[in-house]
Amino acid sequence: MKRKLDGAEIVRGIADLAFGRVNDAVKLALFNPDQLDLEKLDLSLLSEIKRGSNGVVEVKLLNRLDALALLAKLIGNDEGQTAAAESFFQALDTAAKGQWTDNG
């Protein structure tokens with residue numbers, strides 16, 4: 001039977017995703033998986049990995065901005081601060097996607 005997670009554990013888990021390191025995902029992408037101890041790798045930030053026949057490796061990671069926005073919602077006590085944080089993360093996400101326009 002699975003135990004029920006409390007709110008603090010959920011917040012810690014999302015914070016780990018938002019601020020976690022991707023070293024082990026890079027190891028998996030760069031090295032032969034047969035030579036790695038896969039059980040010891042932290043691949044929690046890894047969303048997808050593809051290896052092409054031509055040697056190209058594509059790695060997709062969890063969206064940190066989404067994790068940060070969710071974390072801000074969960075720990076935000078003041079609605080104004082939460083709304084400001086959401087606006088900031090949305091603007092940052094838009095800029096990262098190359099959709100930022102400067103109207104000034």
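So, I14 first: leaving aside residues up to four places away in sequence, I14 touches A67, L70, L71 and L74, where contact means heavy atoms within 4.5 Å. Please keep in mind that this is a predicted model, where local features need pLDDT of at least 70, side-chain atom pairs count only at pLDDT 80 or more, and totals for chains, interfaces and linings use all residues. Residues are numbered from 1 along each chain as its sequence is written, and side-chain values use heavy atoms, with hydrogens and water left out.

Back to I14, which sits in helix α1, residues 7–19; helices here are DSSP runs of H or I with at least four residues, strands are runs of E with at least two, and both are numbered from the N terminus. Is I14 buried or exposed? I14 counts as buried because its relative accessibility is 11%; buried means under 20% relative accessible area, exposed over 50%, and partly exposed in between, using a 1.4 Å probe and protein chains only. I14 and A67 are 53 residues apart along the chain, yet their C-alpha atoms are separated by 6.2 Å.

Now look at L70, in helix α3. L70 has 40% relative accessibility, so it counts as partly exposed.

Over to the strands, then. Strand β1, residues 46–51, and strand β2, residues 57–61, pair in the antiparallel sense over five bridges; pairing requires at least two DSSP bridges between the strands. L46 has L61 in β2 as its bridge partner. Five residues lie between the strands of this hairpin, and there G55 takes a positive phi near 95°.
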